[in-house]
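Q: Please take a close look at one part of this structure and walk me through it. I'd like to see how it connects to what's around it.

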Amino acid sequence: MAVSVSIVVPVYNVELYISACLDSLYQQNQKSVEVIFVDDCGKDRSMDMVRDYIKTNGIDNWKIVSHTHNRGLSAARNSGLRESHGDYVLFLDSDDTLAKDALCILTSPLQEKDYDCIIGGVDDGTLNSCSLQSRRIEGNEEILRSYANGEWYVMAWNKLCRREFLMSNNLYFEEGLLHEDVVWSFKLACTAQSICVLNEHTYIYNIRENSIMTSLNIEKDLNIYIKAFDCIAGYIKKKGLQYHQSVYTLFYGKRAGIMYSLIDKKENGLLAKYYPQIRKQSYMSPVKAFLSGKIPLSYLFRDLHYILPSGWGVSYLWMFYNLCYRLRGKRVEGAVWK
């Protein structure tokens, strides 16, 4: 039986890139595919170009969902997900493209098993293109461990997800929140029971000169991360995941990467300003985590600042960074701003 796929494409002010996106969708040699374009009320010709493309090529399995006003990427993805009918859902950003035969590659593992999620590699046109190690991951414990170890990426796009899995676990995107992929992928890792990771590149990521990640205001971005981690901390407590080893590794490790990235960028003032907020998000003493076998000794030393008074904690972070990174010439683990 053929697997049906819904591709959700939020559209907002991408007239310079949408043609390539449309061509990449049209060339997919795959039956039973519905494409859902979500009009998020941009101010350019993007949606006119989508409508013209559908009409010119006589495509009857592409449809448009329209917002009444601009609501953001998370809301657009949610609207597309709610309107989808496929067995599996794939999110595609409208300034990116799918590789040739991407859907054939992504759906091929489904001949053996109905995985919750299938993840392909990413080509960004640089030497940093993401080629993943192909593997089948079974059981939530192993999936969380693989995610904590960085074996697959945070971004929501290029993940072919079983629609029923998303809906039954309420895996919608947090609306009004940037870095929504950080929260969404964390929840996915906490709920999935089977994931297939593929080595082949199935997604072509377009690095835009004016994107958030290349014209960065660090303080603004830091505030967004803090809001995202507030959501994650709430989810951890709601689901009773406080005592899960891989959850600790993920949550504390990512925040450590953010704090050491600030020091690496010589933003000590921002670290001192926002450290109390980051500190409040913690839910377990590193000493307790170490004594219960949840973290190794190296993580205990990394996280000892949480049990010190706040002012001393910042000084400890600076000392740990210098000993472990600057003096050794080592790259910050989980670096954010490069």
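**A cysteine and its surroundings**

A: Let's start with Cys196, which is buried, with a relative accessible area of 0%; buried means under 20%, exposed over 50% and partly exposed in between, using a 1.4 Å probe and protein chains only. Keep in mind that this is a predicted model, where local features need pLDDT of at least 70 and side-chain atom pairs pLDDT 80 or more, while totals for chains, interfaces and linings use all residues. Residues are numbered from 1 along each chain as its sequence is written, and side-chain values use heavy atoms, leaving out hydrogens and water.

So what about a bond for Cys196? Its closest cysteine sulfur, in Cys117, is 9.4 Å away, which is too far; a disulfide needs two cysteine sulfur atoms within 2.5 Å. Cys41 counts as partly exposed, at 24% relative accessibility.

Now follow Cys117 to a neighbor. Leu188 is in contact (heavy atoms within 4.5 Å) with Cys117, and also with Trp152, Cys161, Phe165, Leu171 and Ile195, leaving aside residues up to four places away in sequence. Leu188 is also among the residues with the most contacts inside the largest nonpolar core, along with Ile7, Leu25 and Phe37; that core has 115 residues. A nonpolar core is a set of buried Ala, Val, Leu, Ile, Met, Phe, Trp, Tyr and Cys residues joined through side-chain atoms within 4.5 Å. In soluble globular proteins, nonpolar side chains tend to be buried together.
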